[in-house]
4 protein chains.
Amino acid sequence: MSPKIVDKNARRLEIAAVAGVLFGKYGFDKVTVDSVAKAAGIGKGTVYEYFQNKEALIDGAFETLMTHMMTHMTDTLDLTLRPLDALRKLTFSMVDALNHVGEQYGFFLEYILMLNRGGGNAGILTGMLTEYRQMVGGLLEAAVDAGQVRANLDIANAAASYAAWFDGAIFHWMTIQSPDLKTLATAFWDFFVSGITPREEAQIA
Amino acid sequence: MSPKIVDKNARRLEIAAVAGVLFGKYGFDKVTVDSVAKAAGIGKGTVYEYFQNKEALIDGAFETLMTHMMTHMTDTLDLTLRPLDALRKLTFSMVDALNHVGEQYGFFLEYILMLNRGGGNAGILTGMLTEYRQMVGGLLEAAVDAGQVRANLDIANAAASYAAWFDGAIFHWMTIQSPDLKTLATAFWDFFVSGITPREEAQIA
Amino acid sequence: MSPKIVDKNARRLEIAAVAGVLFGKYGFDKVTVDSVAKAAGIGKGTVYEYFQNKEALIDGAFETLMTHMMTHMTDTLDLTLRPLDALRKLTFSMVDALNHVGEQYGFFLEYILMLNRGGGNAGILTGMLTEYRQMVGGLLEAAVDAGQVRANLDIANAAASYAAWFDGAIFHWMTIQSPDLKTLATAFWDFFVSGITPREEAQIA
Amino acid sequence: MSPKIVDKNARRLEIAAVAGVLFGKYGFDKVTVDSVAKAAGIGKGTVYEYFQNKEALIDGAFETLMTHMMTHMTDTLDLTLRPLDALRKLTFSMVDALNHVGEQYGFFLEYILMLNRGGGNAGILTGMLTEYRQMVGGLLEAAVDAGQVRANLDIANAAASYAAWFDGAIFHWMTIQSPDLKTLATAFWDFFVSGITPREEAQIA
DNA sequence: CATGAATGAGTATTCATTCAT
DNA sequence: TATGAATGAATACTCATTCAT
């Protein structure tokens, strides 16, 4: 009922978003609370009205980033398409989006490192990765049902592999810009499809 | 000329190795030069005898790590096997090794982030990644010649995809320990082979 | 806008003054920023709120000292006296003052050395010395008009010589306390006056 | 009898001279023992064979500088000239010399500051200044005897004033290069002579 | 005698956090 | 509620000095 609560939350998200951009660009330790405040157009003390400390700020920033990415995914997911086509569309849409949020992605990586070292809220990330795998898994399952994918596919691990490939590709692309992300994705998709679609027989030695 | 006999290079590598472990465990900014010195059993000033500054220390540590990893790869590479088998062996050997250098791998990720933000020596990393892709590409090419892999495979991109998957898998594994790396690798391998081996025909919609 | 009312400029001058005393007593390099803070009764970080770095602190201290000295001179300058008498009064008043700011004077010397080596703001000092010479030159000129000084005196260089003597005298006095500054000044004044006042004829060989 | 003693002393003087140049150029605190060693073409440890510590090094450097200056003075002193002319020659010769040892002079000033703050060997400096005043005083006394200077001159204080002027002039010249030292000296000399030479009567108010 | 590798005390500077207004 | 002045803990880096060779 109190309209201020809305304001407070909006302001919170605003600050977190600004912080996320800075963290992505310069890294957690190089970003000062003061620079976040300046970038958000508020006083340094005010940041502490919304976040208990710098750590909380990074958690908030990460949540905001994840929300954006998940929203993008959900929005892009087109259930009128056949499952494998929906996955293809999703894949390339993400590639497109990444060309625009590359810096944020750096922040994403860094956050994972922080978690690994005991800082941050691991739950957020685990949950998000699980959700990501499940979305892909769900599509693959539907594709099995639709006969687009071979029935004996280990869906959970295929989804995990897909996701791993995706993040690894971005990761390498950040290091060497060649080949560009779209080319890499195209080649992968081709090869991914070859691996999962029905076939007469496998002839491995 | 020098009255004190010290193998300056050996000492340098020693310090870099110690630093690498700490950087991997706690991250660059959380590691103090003093802690590196203590861990190496030397005085703080001595670190500065071998490295101009903390940045140089991280470059040195990275070089050391890369050298180790490349050496491990080369050592593991068994050219008496058929190419695809050699690649499989390499893959699982790396997975094994990673269970032991997981922390170092965190350092590896972090270094990439630093490079992306303008610090560090980008050349080392680019070179290493290129070398990694080439090694895999070489094996795939040999596999094509041996008829183990379909002839129309885009080798360069398949190698890049393989490498991307590999790093992405480690990356996700660092975040959620489930499934374990070996399971993930087994599923990927199966599915990778399906994608690259010869087949009657592709039946994609 | 600012909820905390602090006269930033007053605080700045206060810190500079305190720093000036310490610099004078112990020299720039022997004085730590922390000791300045302690002496000013503030925290170390606060010093950096007012001065960008230690160098800025010394510039500020010097400005403060110069302002004090110049104010003292101007206050002492009595224009109701005949010009030469005004200069005499000024001279001895400065001597008196110096017995109290001797330590500061050490800082003054040191600052000049720093300037000579490329640090500090040379403009401040040059301006101050020029002003000092002009004040003396003005008095000598008035004395010429009043017939107290011989008309053919090279005023600019006499003023420069006077100033040089003054600083040199302080300088030697700092080294050997004998003779005391007043005696030295008395002798100089007598002899200075002999050199500049009108005379029948010069009988130099 | 031992020829090594000569060597040792020569080496000592050599190091001190080199140190003096560096101290003059950069200031005591900015000069490292290592840089002195490098400049002297020896090892860092060797410096400590000849000087107990950095402080001793500065004392040695100062002694060397003083010896040079005194030697220059004594060499220049021409007793075949009439006393006042000898003093004039000495003055201008020193001015000439200073154009070449300006940097060393900075060291001289700094040393005085150090003494004033309790470091260094005050005796050396006091002795040297006394000697300097006595040399000038002696010439003035001889000039009185020769009738070149008025008999009622307070010789001790005139000598002290002369010396003070000299150092003050150099000091100002270091700050503002204008007027050049020779011009300043010419004006001073003219005016000094006016003040000390015999005259009919003083007509001061 | 000469050396320079090793050392750690000492210091400038940054920045997260607090709190009076 | 918003602010930014004040603070001091934390840290990279320097350099005089020692001492094994």
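This is a predicted model: local features need pLDDT of at least 70, side-chain atom pairs count only at pLDDT 80 or more; totals for chains, interfaces and linings use all residues.
Let me begin with the salt bridges between chain A and chain B, of which the count is four, a salt bridge being a side-chain nitrogen of Lys or Arg within 4 Å of a carboxyl oxygen of Asp or Glu. Residues are numbered from 1 along each chain as its sequence is written, chains are lettered from A and ligands numbered from 1 in the order in which they are written, and side-chain values use heavy atoms, with hydrogens and water left out.

One of those salt bridges joins A:Glu110 to B:Arg117, with the closest N and O atoms 3.6 Å apart. Between chain A and chain B there are also 10 residue pairs in polar contact, both residues at pLDDT 80 or more; a polar contact is a pair of N or O atoms within 3.5 Å, where within protein one must be able to donate a hydrogen and the other to accept it, and residues adjacent in sequence count only if both atoms are side-chain atoms. On the chain A side, α1 (3-26), α5 (83-116), α6 (122-145), α7 (155-175) and α8 (181-196) each supply at least two residues, and α7(A) gives the most, with 13 residues. These helices are DSSP runs (H or I, at least four residues), numbered from the N terminus.

How much area is buried between chain A and chain B? It is about 5,000 Å², of which carbon and sulfur atoms give 61%, buried area being the accessible area (1.4 Å probe) that two parts lose on being put together, summed over both. A:Arg117, A:His172 and A:Phe191 supply 15% of the area that chain A buries against chain B, more than any other three residues.

As for symmetry, chain A can be laid on chain B with an RMSD of 0.2 Å by a turn of 180° and a shift of 0.0 Å along the axis, using least squares on the C-alpha atoms of residues with pLDDT of at least 70 in both. The two copies are therefore related as by a two-fold rotation axis.

Turning to the other pair, 58 residues of chain C are in contact with 58 residues of chain D, contact meaning heavy atoms within 4.5 Å. Because 100% of the interface residues of chain C are also interface residues in chain D, these copies meet through the same surface. Here too the rule finds four salt bridges, including one between C:Glu110 and D:Arg117 at 3.6 Å, N to O.

A polar side-chain atom of D:Lys44, by contrast, lies 3.2 Å from a base oxygen of DNA strand F.
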